Amino acid sequence: MSRAAVVLAAGKGTRFRSDRAKVLHTVAGRSMLRWVLEALRPLELDRVVVVVGHQADAVRAEAEAAGMDGLTFAQQDTQRGTGHAVRCAVDQGALDGMDSVVVLPGDVPLLEPEPLRRLLDDSSGAAATILSFEVDDPAGYGRLVRDRAGQVNRIVEHADADAHERAIREVNSAIYAFDAKALIGELQSLAVDNEQGEEYLTDVIAPLVPRGVGAVVAPAEIVAGVNDRVQLADAGAVLRRRVLDDLMRSGVTVVDPSATYVEAGVSVDVDVVLQPGTHLEGATSVAAGAEIGPYARVKDTTVGEGAVISYSVVTGAQIGPEATVGPYSHLRPGTRLERGAKAGEFVGMKNAVIGEGAKVPHLSYIGDADIGPGANIGAATVTVNYDGFSKHRTVVGPGARVGSDTMLVAPITIGAEAYTGAGSVITTDVPDGALAVERTEQRIIEGYAERKRARNAKPPEDRG
């Protein structure tokens with residue numbers, strides 16, 4: 001039996017008050033659309049149809065980035081309701097040859113595969129099966145209206161419900177499984193004689209009752225949709241906790257889950273410790289035994305075994321095994337710390353390679369540089385890499401010692417085992433093993449403080 005899913009992703013989402021398409025809003029590291037597609041992935045469907053409309057190109061690109069097998073698209077140029085969206089998919093041939101169809105919105109990021117599996121399993125032999133849930137306050141939801149025998153005979157939208165129907169607590173999640181032929185046959189007769197003037201997909205339920213309509217009840221927290229930024233934030237809290245729970249069960253220590261943020265897709269190995277205030281984002285991976293935090297933001301970065309990052313921001317970097325970062329450092333894209341290297345307190349780095357065991361301990365900026373193994377960079381060192389037009393590279397050889405408050409004016413090479421004197425501005429290459437000092441001779445002016453006090457004691461008009 002061939003099975004398909006239709007994901008409704010054409011709407012703008014006016015309650016978000018945003019120019020961005022609703023399903024593209026991100027939560028816990030993924031767009032809402034991506035969360036839905038990931039929930040569908042384990043079902044191994046033959047086809048996944050995404051109905052696009054508002055910002056169609058961007059929505060299409062986001063769906064394609066998920067790498068789903070059998071992915072295809074249908075266009076809904078004018079958004080005239082959920083029934084119209086599915087009819088667009090049918091009219092454009094997206095469901096040709098399919099036996100059963102799951103229809104679901106693209107704004108249910110909390111959705112998990114299990115209720116979808118149950119929905120498909122229970123839909124065998126039925127014309128339609130609805131995924132429902134129960135809530136204490138059903139305002140805004142379509143109600144499932146059952147007959148005295150408990151069979152579903154229709155769904156009534158909130159705006160069209162009477163007082164008795166509005167008291168029903170079992171509501172529609174807007175997720176369905178249909179027999180494809182039955183669905184296609186009823187879509188052609190949808191009308192717009194309702195409060196919203198739209199083609200409701202729910203209106204196909206009543207005509208299908210004689211052929212069998214069932215319902216599968218799911219937990220409300222899994223199938224509830226997201227309609228504004230408040231609900232988006234609530235969903236984010238649930239999703240992040242799911243991520244952390246999975247990590248902790250896999251052998252990661254999360255000291256305070258309420259103050260730790262790990263996005264979906266981040267990889268964290270066993271025996272990693274995540275301290276409070278840790279943010280792991282994007283394509284980040286953390287190897288075994290590393291410690292992140294307190295208060296560290298790490299994005300698109302590879303962290304090696306046993307490395308430590310604290311009170312720092314690291315983006316697009318590679319942190320080698322047993323390397324240390326922080327506190328209060330900022331490592332920007334292109335930075336690589338080899339095994340045991342150190343970027344200490346108040347250090348900035350960009351596009352720099354810090355060799356094995358090399359140290360940049362304090363208050364320095366190292367940009368567009370190669371620091372050799374075992375080298376030591378003194379406090380307040382700056383690689384002067386930009387001349388106003390181009391960036392230039394600094395090379396510091398193995399075992400070199402750069403004195404505190406040294407300006408290394410690139411392009412420049414400091415040789416292996418070479419030294420620079422503190423407070424120097426180095427503008428030419430330093431040979432291996434040499435010492436470079438660039439300072440004027442120190443002058444001592446005796447009695448200066450006494451003369452300064454005497455001068456300041458005079459009236460302004462008498463000062464020379």
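This is a predicted model: local features need pLDDT of at least 70, side-chain atom pairs count only at pLDDT 80 or more; totals for chains, interfaces and linings use all residues.

Is Arg154 buried, exposed or partly exposed? With a relative accessible area of 32%, Arg154 is partly exposed; under 20% would have made a residue buried, and over 50% exposed.

Glu165 and Arg154 form a salt bridge, and their closest N and O atoms are 2.3 Å apart. This pair links distant parts of the chain, eleven residues apart: Arg154 sits in strand S9 (residues 152-156), Glu165 in helix H5 (residues 163-166). Glu165 counts as buried, because its relative accessibility is 6%.

**Next: more charged pairs**

Side chains of opposite charge can pair when their charged atoms come close.

Jump to Lys22 and Asp107, whose side chains meet in a salt bridge at 2.6 Å, N to O. The two are 85 residues apart: look for Lys22 in the loop between strand S1 (3-9) and strand S2 (26-27), and for Asp107 in the loop between strand S6 (100-105) and helix H4 (113-122). Lys22 counts as buried at 12% relative accessibility, and Asp107 counts as buried at 11%.

Then go to Arg297 and Glu281, another salt bridge, with the closest N and O atoms 2.9 Å apart. Arg297 belongs to strand S19 (residues 297-299) and Glu281 to strand S16 (residues 279-281), so the pair ties together parts 16 residues apart in sequence. Color by accessibility here: Arg297 is partly exposed at 36% relative accessible area, while Glu281, at 13% relative accessibility, counts as buried.

For something beyond a pair, select Arg34, Glu38 and Arg41, which are linked in a network of salt bridges.

**Next: two helices**

Switch to cartoon and show helix H3 (residues 82-91) with helix H6 (residues 180-187). They pack at an angle of about 115 degrees, and their axes are 10 Å apart. That angle makes H3 roughly perpendicular to H6. Which hand does the crossing of H3 and H6 have? It is left-handed.

**Last stop: the surface**

Finish on Leu363, in the loop between strand S29 (359-362) and strand S30 (365-371). Leu363 counts as exposed, because its relative accessibility is 52%.

Definitions and conventions:
Residues are numbered from 1 along each chain as its sequence is written. Side-chain values use heavy atoms; hydrogens and water are left out. Helices (H or I, at least four residues) and strands (E, at least two) are DSSP runs, numbered from the N terminus. Buried means under 20% relative accessible area, exposed over 50%, partly exposed in between (1.4 Å probe, protein chains only). Axes are lines fitted to C-alpha atoms, for helices over the stretch in contact, and angles run from 0 to 180 degrees between N-to-C directions. Angles under 35 degrees count as roughly parallel, over 145 as roughly antiparallel, 65 to 115 as roughly perpendicular and the rest as oblique. A crossing is left-handed if the near helix is turned anticlockwise from the far one by less than a right angle, and right-handed if clockwise. A salt bridge is a side-chain nitrogen of Lys or Arg within 4 Å of a carboxyl oxygen of Asp or Glu.
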